[in-house]
Amino acid sequence: MDALDVARWQFGVTTVYHFLFVPLTIGLSVLVAILQTMWHRTGNERYLKLTKFYGKLFLINFAMGVVTGIVQEFQFGMNWSDYSRFVGDIFGAPLAIEALVAFFLESTFIGLWIFGWDRLPKRLHLAAIWAAAIGTNLSAYFILAANSFMQNPVGFRINPESGRAELTDFVAVLTNKVALVTFPHTLAGAFLVAGSLMVTVGLWHVMRNRDSADTGAYRFATKLGSWVVLISSALVVLTGDIQGKIMTEVQPMKMAAAEGLYTTESPASFSVLTVGSLDGSRELFAIKIPYLLSFLGTGDPNGTVQGINDLQAQYASQYGPGNYAPIIPVTYWSFRFMIAFGLAAAAIALLVLWSQRKGRTPTSKWLLRAGLVMPVLPLLANSFGWIFTEMGRQPWIVFGEMLTRDGVSRSVSLTEVLTSFTAFTLIYAVLAVVEFKLLVRYARAGVPDVTPDDDTDDTDDAERPLAFAY
Amino acid sequence: MELTTVWFLLVAVLFTGYFILEGFDFGVGMLLPVLGRDDRQRRVLINTIGPVWDGNEVWLITAGGAMFAAFPEWYATLFSGFYLPLLLILLALIARGVAFEYRHKRPEAAWKRRWDQAIFWGSAIPAVLWGVAFANIFRGVPLDADHEYVGGLVDLLNPYALLGGLTTLGLFLTHGAVFLALKTTGDIRERAGALAVKLGVGTAVAAVAFLSWTLTIRSSAAAVVFAVGAALALLGGLAAAKVRREGWAFTGTAVAIALAVATLFAALFPNVMPSTLDAAGTLTATNAASTPYTLKIMTWVAVVFTPIVLAYQGWTYWVFRRRIGVQNIPQH
């Protein structure tokens, strides 16, 4: 074990952890904004209750996303300083723009929304949650543009004197085809999580508190969440399909690694699962769907998909001796887990909708259990998606331009990085437990009572309690 | 003006904004156990910064991002070189940020006490370490010809840097107390105002000592003017606090922080991180900078968006301009 390994583990752990909170922030900000808009339009108190209820869950989650996000920005410099030196001319810009354009918008208007219930006119208060939601979604675009440069570097040249990458076309970086398709894929994945959480909490109340006056509200939330899950899962599949084709073109090794395909095939089949080793030597048992990998990768059922061995030979002659294949079992299984967990969430959403058809109240214990695990499924799908895309790029940190091992900070010792890795893991573990318990507590508590607008309140403004206080 | 100079100024402005804004957030956090005698009072303190602390912290993220985009070498050397202090700052900011949001989520006293500690230490640690870090940036650290930091943790804990940490600690405490006097009513307002004066006197001594030492390390005409201005602004702010002109007192401490940061940056220019070893290791606004093309794009983005951000953030402060007191804290 050396400093490089620990730095990689730390980046993996802190990034996957950060991205447990990001999808909920992205998705729920918009869903809460939609609920508040419905209240604004209809005046129906049910939507106000749901806005406040899901808004609370949103904020418990939001805090974690914010604080774990700062680590991400610092980590490039702290642990990957040679990477930062190499790509800073290109990579820093989207990060700075993300902060200036998106994070300020998000954080400022979240503050206005949380504390502004009685300080802002209704319409402005509604605009505040939309501004925060837009900021959140915009931030995803800039960080994905930065990540896409690592997958498919464009709009740059290598300065022969300094050996560093230099920006030549910023529009090309922002319109990188990998970024353009990863953005909707990531957003759809985020809505899959947010919709699932909405279903879980709503369904639990529908089934547990049957006689509650708020059952109508919970039923509505359950249905809205289910539809969000179904629509976003369709979008995930659609954008994922386009991604597969782009990946075959710009990172063929990653596509080969997704299947564990060692020799070039046309047509290539897709294995649903494989028992045995994935090193290409022996395969005990596999369920294969003919033509599917060719179709996923090229759009043509008979298309050619390059194998790992051929790509390895090609890269070795192009970049010099070395191993250019990622860890195949990791890419193979993370790819399948991503798909399976995502589809499972969609299937449960379908069951939930079916169980509530024509005003029925679901009673099945199994449905409730499935509903309770539901948000975990797309969260796992998101995590495995990131593990796949980042591990599938290895050994590169910037595909074809810089190896991961060359990007690590030379001045950071093994002791230092072990210290930070341990510290982050511990504090993150504690906070995960705290956050989860709070979410459960507030999810169980149910929708709050809302007091109707009281304009006749003539107490002095300076004496009146705040509508919300920490 | 060269674009590298523009970005040197912008990075300086972003850190200045960060220290002014999160400076009083840190001050409020550190004064929590001092001025908040019971839960209701502590909630008053926290709620003075409740709506704005998150937006204030984005100044740091933007400053870091701007440094990365405009001076990648500076960003890379600084963040990897100051590894352990930055780790501590990150852990502090994590605990503190979550604490604001979670503290009121459960009624148990033990729960609140734990988060209060997170807020206190999460404010105190960065308040000291930012001073230590910036004093070291200014003083210079051992950098080899590849701009890699070759010192250890002890190199960062020199007397000058520790005095820098003491200075930021004092400035943020005073600034926070003045802010609380400006934003609260009743008993807390009285005690915050009185405490600000007491804290301010000690801080003024530390600040004058630190800035004088700074100017003996390296100096420029502008730096001297800024240093004198910082001392005068701090004293003016204290005088205003004494006669309970809280708006002026806050202006005084804010200007004092701004000019103290400006002193460091003005005396530092055109270097951004001097090396104490090899002159070739010194990072300057030129050799640490991105290409002119990147700087040009970033300049346009900054020109368009900075005024917008300032406008809506300023408006937020206007929306929440009202003073609060224990009578405004709801039961839940």
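## Close-up views of a predicted two-chain model

View 1. A:Y291 sits in the loop that runs between β4 (285-289) and α9 (292-298) of chain A, where helices (H or I, at least four residues) and strands (E, at least two) are DSSP runs numbered from the N terminus. Although A:Y291 is not a glycine, its phi is positive, at about 70°. The model is predicted, and local features need pLDDT of at least 70, side-chain atom pairs count only at pLDDT 80 or more, and totals for chains, interfaces and linings use all residues. Residues are numbered from 1 along each chain as its sequence is written, while chains are lettered from A and ligands numbered from 1 in the order in which they are written.

**View 2. Cis peptide bonds in loops of chain A.** A:S266 and A:P267 are joined by a cis peptide bond with omega about 0°, and A:P267 belongs to the loop between α8 (252-259) and β3 (270-275) of chain A. The peptide bond from A:Q394 to A:P395 is likewise cis, with omega near 10°, and A:P395 is placed in the loop between α13 (376-391) and β5 (396-398) of chain A.

**View 3. The packing of helices α1 and α2 of chain A.** Helix α1 (residues 3-42) and helix α2 (residues 45-79) of chain A pack at an angle of about 150° with their axes 7 Å apart, the axes being lines fitted to C-alpha atoms, for helices over the stretch in contact, and the angles running from 0 to 180 degrees between N-to-C directions. The two helices α1(A) and α2(A) are therefore roughly antiparallel (angles under 35 degrees count as roughly parallel, over 145 as roughly antiparallel, 65 to 115 as roughly perpendicular and the rest as oblique). The crossing of α1(A) past α2(A) is left-handed, a term used if the near helix is turned anticlockwise from the far one by less than a right angle, with right-handed used if clockwise. By class, this contact of α1(A) with α2(A) has 20 nonpolar, 17 polar and no charged residues (Ala, Val, Leu, Ile, Met, Phe, Trp, Tyr, Cys and Pro count as nonpolar, Asp, Glu, Lys and Arg as charged, and the others, Gly among them, as polar).

**View 4. The packing of helices α11 and α12 of chain A.** Helix α11 (residues 328-355) and helix α12 (residues 365-373) of chain A pack at an angle of about 135°, and their axes are 10 Å apart. That angle makes α11(A) oblique to α12(A). On the side of α11(A) the contact is made by A:I348, A:L351, A:V352 and A:S355, and on the side of α12(A) by A:L367, A:A370 and A:G371, two residues being in contact if their C-beta atoms, placed from the backbone, lie within 7 Å. The residues of this contact of α11(A) with α12(A) comprise 5 nonpolar, 2 polar and no charged.

**View 5. The side of chain B that touches chain A.** The contact draws 64 residues from chain B and 58 residues from chain A. On the chain B side, α2 (39-49), α3 (53-70), α4 (72-81), α5 (83-102) and α12 (292-319) each supply at least two residues, and the largest share, 13 residues, comes from α5(B). The residues of the side of chain B that touches chain A divide into 39 nonpolar, 18 polar and 7 charged.
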